[in-house]
Amino acid sequence: MFQSLIDWLDRIGPRLHRAFIEGDRWKLYLQGLGTTMELTVVALIFGVLLGLVVAVIRSAHDQQRIGRRNFLLGVLNVLCQIYTTVIRGTPMLVQLFIWTFVIFPTQRNKVLVAIIGLGVNSGAYVAEIIRGGLMSVDAGQSEAGRSLGLGYFDTMRFIVIPQAFKNILPSLGNEFITLFKDTSLAQAVGGAEMLYYASTIGGRTFDYMPPLLGIAAMYLAVVIVFTWLQGRLERRLRESDRR
């Protein structure tokens, strides 16, 4: 048994050396991780801002009183519905191809194009997450804000959204994790993230197993750390509610 283990280590050792140590290739993995985190964070911020606008428009439209419908708000609501339906109903990879080869065919910064594509895609899902959170807040909270003389947007900003945030935090955390893993699709349009470098190294060494397993472990480690941080934040919010 020990001899078999020694033989296996003798075989795998040179493969790991070529994939991670030779030529300081480990630096490429870290560079790819940095790009992946940049893609995730910027795209999520873009997606949250876009999703918040869409969610507020749709919520405002749904909360209108019968007989007092705003025409402009109705048009914006239809556009928001079309946006969420189209984005959620088509594959992200197809959307990235459209952004890269149809909308921005001359753009050389593929990371920027990937950020736009991922952000627009994430925005559609975040919009539904936020809209669900806004709907979960008791209607009496909005009425209380109005009775204090606050307008619609001030009521949403100071009363409704802070309460809704606690309800949507787990879903937003899941969206971050999903978006982090989906950044690997940027490799298909030339984005230099982790999968891009792993594929490049595998092509140079003619051995794809070590680099692919290496980035899989990196993805898993980041997801575990973020899940732990998310859990701590949720516990703190629950403790603050009890006080």
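The model is a predicted one, so to speak a computed picture of the chain. Turning from the surface to the inside, 39% of the chain's 243 residues count as buried.

As for overall shape, the C-alpha atoms take up a box of roughly 80 × 50 × 25 Å along the principal axes. The radius of gyration of the protein chain is 23 Å, whereas a compact globule of 243 residues would come in near 18 Å.

The secondary structure is quick to describe: nine helices and zero strands. Read from the N terminus, the order of elements is simply α-α-α-α-α-α-α-α-α. Then there is the matter of which parts of the chain touch. Taking the contacts with a separation of 6 or more, 74% are between residues 24 or more positions apart.

Helix H3 covers residues 71–89 and helix H5 covers residues 110–136; the two pack at an angle of about 115°, and their axes lie 9 Å apart. Their crossing is left-handed. On the H3 side, the contact is made by Tyr83, Thr84, Ile87 and Arg88. Sorted by class, the residues where H3 meets H5 are six nonpolar, three polar and two charged.

Note on methods:
Residues numbered from 1 in each chain as written. Predicted model: local features only at pLDDT ≥ 70, side-chain atom pairs only at ≥ 80, totals over all residues. Heavy atoms only, no water. Axes fitted to C-alpha atoms, helices over the stretch in contact; angles between N-to-C directions. Helix = DSSP H or I, 4+ residues; strand = E, 2+ residues; numbered from the N terminus. Left-handed = near helix turned anticlockwise from the far one by under 90°. Contact = heavy atoms within 4.5 Å. Nonpolar A, V, L, I, M, F, W, Y, C, P; charged D, E, K, R; others polar. Rg over C-alpha atoms; globule rule 2.2 N^0.38 Å. Buried < 20%, exposed > 50% of the residue type's maximum accessible area, 1.4 Å probe, protein only.
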